[in-house]
Amino acid sequence: MDFTPSEEQAAAQGLAARIFGDLSTHERLTAAGTGTDAELWKELCAAGLPAAVEDVGLLGLVLILEEQGRTTAQVPLAATCVYGLLAVAAHGAPEQRERLLPGLRDGTAVATGAFPARGGVHIAEDGALYGTVPWVPWLRDATHVLVADAERGLWIVRTGEPDVTAVPVETTAPWSAGRLVLDGVRGERLGNGQPGAYADVLATARTAFAGLQAGVCAGSLARAVHHTVTREQFGRPLSTNQGVLLRAADAHMDTEAIRVTAYEAAWRHDERRACEAQALTAAWWASEAGKRVVHAGQHLHGGTGADLDHPVHRHFLWGRQLDAYLGCGGEVLEELGLLLARGSQEGAS
C-alpha cells in the first residue's frame, strides 16, 4: 500500500486548502446560519474541484474533504461527488453519464443520497416510488437524489418533480437537510441495475465521509492546541499540564487512525480491490474515535467550549452528526463482523 498522493491529488488538496482557508471563515459561517455558502460553492466549482474528483479518485476526494472538514465549510461537496459524480461515472449507463456528469462537474447540478437503505422506499407494481426518508443531507440544495429502495436498487430522482417533496429539517450540523417524501414519482434507474452498485456506493460514501470526519477532528484538535498553548493558568500555559497533554495526544492518535483507515479504504477502491471491510473499518473509527476527539476538543477549551458561538462548537456539532451518519459505531461493527464471518465461511467451503 502506498498512500503518497500523486502530483494531481496533492495539487487538488492544496487548492482546496487555500479556497477553504480563505473563504470558509468564522464570520462567513456565522452569516450562513444553517444554509449553504453559495458563493463558496461557486468558487469551488469555478476552480474545477468537483470535476477533478473523476481524475484524482476516491483518495483524492478524501484529501479534499479533509480540508473541508478542517474549516467545516458548508457546501455539498461530499454528497455531490459521492452520490453524483462517482456513482454515475461508475454505474451509470453511457447516456446517463453524457447527460448528467457535465452539470455535476460544473456545479449547476447538486446531488445527494437517501442512504443507507432502511426500507423506507418501495416500488409499486407500476414502477413508481413511494416512501419517506426522515432526513437527507443537503436535500434543500439538491437537484438530484440517489435513492436506495428497500431491495437496494438505485434510482435517480429529480427534486423538481411534482411527486417529490423536500421538507426542511434542522440537524445538529448545518447541512441544509430535509425529509424526502416520494409519492408515486417515476425514478430513473441508475445504469442497468447491476448487482453490487448499492454496496459500492455505500462503501464509497462511508470512506469519503470518514475523510471529512478526519478533517473535522484535525480542525477541532488544532483549535484546542492553540487555546491551551496561548491560555495561561497560574502563570503558565494550560498545555504544560500533563492531563492536557495526554488528552491532546489521545485525540491526535484517534484522528490519525481515522485518517489512515480512510486512506486505505480509498486506495483499495481506486486500485479496484475489495474494500467493503476497509470502508466499514474507516466508518467505525470515524464514529467511535471522532466522537472522542470532538468531545476532547470542546473539553480542552474549558468554559469557552460551552460557548455556542465559538468555532470549536461547530466542530463538535459536525463530529457528532458524522458519528451517526451512514451507521453509528455499533451498527457498523455488527456489519463488519457479519462480513468477516461470511468471508470465513466461504473460505472454509
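## Strand pairing

Two strands count as paired if DSSP finds at least two bridges between them. In this predicted model, strand E4 (residues 144-148) and strand E5 (residues 154-158) meet that condition, with 5 bridges in the antiparallel sense. Within this pair, Leu146 stands opposite Ile156 in E5.

E4 and E5 belong to an open sheet of 4 strands, ordered E1-E4-E5-E8, with mixed pairing. Strand E1 (111-114) and strand E8 (188-189) form the edges, each pairing on one side only.

## Packing of H4 against H7

Two packed helices are described by the angle between their axes and the distance between the axes. For helix H4 (residues 49-71) and helix H7 (residues 197-230), the axes come within 7 Å and cross at roughly 35 degrees. The crossing of H4 and H7 is right-handed.

On the H4 side, the contact is made by Leu58, Leu61, Val62, Leu65, Glu66, Gln68, Gly69 and Arg70. These meet a set of H7 residues that includes Thr204, Thr207, Ala208, Gly211, Leu212, Ala214 and Gly215, as well as Val216, Ala218 and Gly219. By class, the H4 and H7 contact holds 9 nonpolar, 7 polar and 2 charged residues.

The lining of the largest pocket divides into 11 nonpolar, 4 polar and 7 charged residues.

The second largest pocket has a volume of about 330 Å³. Of its 19 lining residues, Arg152, Leu202, Arg206, Glu276 and Glu335 are the closest to the centre. Two or more residues of this lining come from each of H7, helix H9 (276-299) and helix H11 (329-348). The class count for the second largest pocket is 11 nonpolar, 1 polar and 7 charged residues.

## Cavities

Rolling a probe the size of a water molecule over the atoms shows where empty space is left. A search of the whole structure finds 2 cavities of 30 Å³ or more. The largest cavity has a volume of about 100 Å³. Its lining has 13 residues, of which Arg206, Ala283, Ala286, Leu322 and Tyr325 are the closest to the centre. H7, H9 and helix H10 (311-324) are the elements that give two or more residues to this lining, and H7 supplies the largest share, 4 residues. In the largest cavity the lining divides into 8 nonpolar, 3 polar and 2 charged residues.

The second largest cavity holds about 40 Å³ of space. Gln68, Val75, Pro76, Leu77, Ala78, Trp138, Trp175, Phe209, Leu212 and Trp318 line the second largest cavity. H5 and H7 each supply at least two residues of this lining. By class, the residues of the second largest cavity are 9 nonpolar and 1 polar, with no charged residue.

Gln68 of H4 and Leu212 of H7 take part in the contact between the two helices, and both Gln68 and Leu212 line the second largest cavity.

Terms used: Residues are numbered from 1 along each chain as its sequence is written. This is a predicted model: local features need pLDDT of at least 70, side-chain atom pairs count only at pLDDT 80 or more; totals for chains, interfaces and linings use all residues. Side-chain values use heavy atoms; hydrogens and water are left out. Axes are lines fitted to C-alpha atoms, for helices over the stretch in contact, and angles run from 0 to 180 degrees between N-to-C directions. A crossing is left-handed if the near helix is turned anticlockwise from the far one by less than a right angle, and right-handed if clockwise. Contact means heavy atoms within 4.5 Å. Ala, Val, Leu, Ile, Met, Phe, Trp, Tyr, Cys and Pro count as nonpolar, Asp, Glu, Lys and Arg as charged, and the others, Gly among them, as polar. On a 1 Å grid over the protein atoms alone, a cavity is a set of points where a 1.4 Å probe fits but cannot get out, and a pocket is an open set with protein on both sides within 12 Å along at least five of seven lines; lining residues have an atom within 4 Å of a point. Grid points are joined across faces, edges and corners, and a volume is the space filled by probe spheres set on the points.
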